[in-house]
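My notes follow the order in which I looked.

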Amino acid sequence: MSEPTDASAGKVPGPRTAPAALPTAAPPGEPRNRPDDRPEAQPGAPDAAAAEPQMRYVDVTGSREAAGRSIRTRDMARRLPRLVRRSLALAWRVDRRATIGLLLCQAAAGVMQALGLIAISGTLTALLTSGNIYHRLLEAWPSVALLAGASAARALLGITVGWLSSRLSPLMSREAEQMLLAGCAEVELCAYDEPDFNRDREAADRGAQVTGDLIDEGQDLIASSASFLAGAIVLAGVHPVLLPLLVAASLPQALAQVSAARVRYLANLRSNGDQRMLSVLRWHIYTREAADQIRAGTMAGFLSGRYRQTVARINREDRVAADKGARMSLAGALCGGLGSAVVWAAVVWLLATGRITVGHAGTAVFALQTTGQSVRGLVAVGARAVRTGLYMDNWSGFLDKAGGFRMRRGPHRPGPPKTIEVTSVTHRYAGKDRDALSDVSLTLRRGEVTALVGFNGSGKSTLSKLVSGLYLPTSGQVLWDGVPTGDADPQALWQQVALVPQDYARWPLSVRENVTQGQPVARGDAAVREACEAAGADEVVDQLGAGLDTLLAREWLNGEELSGGQWQRIALARAFFRQAGLLVLDEPTANLDPRAEYRIFQRLRGLARDRMVLLVTHRITNVAVADRIVVLDEGRIVQEGTYAQLARQPGLFQRLLSYQITSEPDGERHGRRT
Ligand SMILES: Nc1ncnc2c1ncn2[C@@H]1O[C@H](COP(=O)(O)OP(=O)(O)OP(=O)(O)O)[C@@H](O)[C@H]1O
């Protein structure tokens, strides 16, 4: 058996590459540019990057760090059985036969290891006892045969264990990842506004990645335990004092290893935000999404500089942890060395005082070596497994509570709504010190087009998300035919929502799947083509080589890329395809050419015949199509009426209108009131 080393303990997967917005500033309360955060000088790094205040994600509440700190060696030891149970359950879930096979083979390999050790000690005892060499060899023969048999069996079992674990390990990580993905789909949308949720999700993601490691660690644990047991049996047979002495001598080293593992885990926890920052930067630097802007804006140096700053911070944390861990290991090794000296002195004393024979002493020397090695192995792999367990704890803790944001709404399954009433709704986003919406009341009716207009940030999108049940209001109610959105089954409610958000998804899927969103209807492509025609996307599809089958992802083989406006037509087709009672269009024509825009607005009335339409737009001249226009300002409704009424009425609507048909009035800046 090779002794498990802790070399791989430092190997911790980083968070996956994920698209996310680049943070633009440190959150309030976060000390900016602390002296010790200054980046290390990097050859070639632009000075500007070094002089800039550093951005970083932070553990705003510090709760995870506090939780990590509170973990003591005893807790970690207590976690081990739970950890083994959990990983076995996961392995069972992904491949029962491989799990049973692995367990049987590992147990058999452990027994073979133990038999091998006992055979070695039997051989030594037989050879070192006094008497005729022929007799000694004859006596040693069965042990030698057992040793050979056990070694051969162990080698075969080792190959089988390796094969089964290489099958199970990736399956477990992927299953853990899929469970996490499923868990994330169950959370309230507002969870994504909470820094704690995002941080916990990333920690859980890391946990999912390491679940497969537990198979190897479990294997090492079983091997070390078997070798320890065998050594212990042999030692106990030589003299009862030796085993307790050896265990006592190994304790300091065990404690040091576990503490070092905890130090490394905590360091990683502290770097969590920075790791996240790296993945965001990587995504922006790697992908084609911002490739043009990085070049045209000559931002490569700046972004790489920021990357280096962040890496430097992580390196610093790692170095501190490595130094501290090494100091702990050194102290443990010194104490362990002293302990070993005591054990060896005990063997010499037992021999000198005639309490054991020379043959027994030889066996004891061998057993001490093996047992000491397996204790060190047990401690090292145990510490590693506990650390993996800490990450897995993050994963399973997140799954248990979906980060504390699992959707728990009511059972009511709404049909297409006739009316949606917004009654005295106030909404405030997590971490914000002001309301996005204040005391808003409004009624939407089937057959009507309602338009929301107002300055940037006035709360239009927020209101549309509350109406669609994506967010639940902080106070007040959104009633779908009299039932609050919080009491409705969210999946059933969203079946009745067709939404074109401002930032619509550009799914790397075929045109057909982009339109059906993976939910085809009985009418098949005829319905898809109809929706495309209504959105003006039919012209786009006609130009594509494979029509509806065309893959909309340029970077993939045979994929095609669309222009901004073409993508928006596909997004509109998506919404028109959906047989939903509420159609929400948030800036639906922002990228469209005037002809396409004109056609969409012309079609809106027809679309509203059997559903309600909520339109958010800055195209004030086009909102005449709406039956009712609601003007929002700083989260409040300030005007409501038809186009004709509002165009005559002095007020914000008139001003918004004037911006579009004339130049900016004196004393006002675009999008901002003075
Ligand atoms: N997810 C969020 N988390 C925190 N604050 C948010 C979030 N979304 C919006 N806000 C804030 O809520 C306010 C209203 O934003 P909203 O997006 O509803 O405005 P809007 O009228 O749709 O603006 P625009 O015309 O620019 O689209 C803004 O102050 C914005 O900063």
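Before reading off any helix content, I noted that helices here are DSSP runs of type H or I with at least four residues, and strands are E runs of at least two. I also kept in mind that this is a predicted model.

With that in hand, I looked at residues 329–352 and found the chain to be 100% helix and 0% strand there, with the end C-alpha atoms 34 Å apart. For residues 140–164 I likewise found 100% helix and 0% strand, and there the end C-alpha atoms lie 36 Å apart. The unreviewed UniProt entry places the feature "transmembrane region" at both of these spans and also at residues 100–120.

I next looked up the domains, and the chain is divided into domain 1 (85–404), domain 2 (410–496 + 580–669) and domain 3 (506–579). The centres of domain 1 and domain 2, taken over C-alpha atoms, are separated by 57 Å. I found 4 residues of domain 1 in contact with 4 residues of domain 2, and on the domain 1 side these divide into 2 nonpolar, no polar and 2 charged.

Last, I turned to the sheet, an open one in which 4 strands follow the order 2-1-4-5 with antiparallel pairing. Its edge strands are strand 2 (437–445) and strand 5 (483–484), each of which pairs on one side only. Strand 5 pairs with strand 4 (residues 475–480) over 2 bridges, and I noted V483 in strand 5 as the bridge partner of W480. Helix 13 (residues 460–467) lies across strand 1 (419–427), strand 2 and strand 4, and runs at about 125° to strand 1.

Note on methods. Residues numbered from 1 in each chain as written. Predicted model: local features only at pLDDT ≥ 70, side-chain atom pairs only at ≥ 80, totals over all residues. Pairing = 2+ DSSP bridges. Contact = placed C-beta atoms within 7 Å. Axes fitted to C-alpha atoms, helices over the stretch in contact; angles between N-to-C directions. Domains from an automatic or database assignment. Nonpolar A, V, L, I, M, F, W, Y, C, P; charged D, E, K, R; others polar. UniProt positions renumbered as here; feature names shortened; annotations may be inferred.
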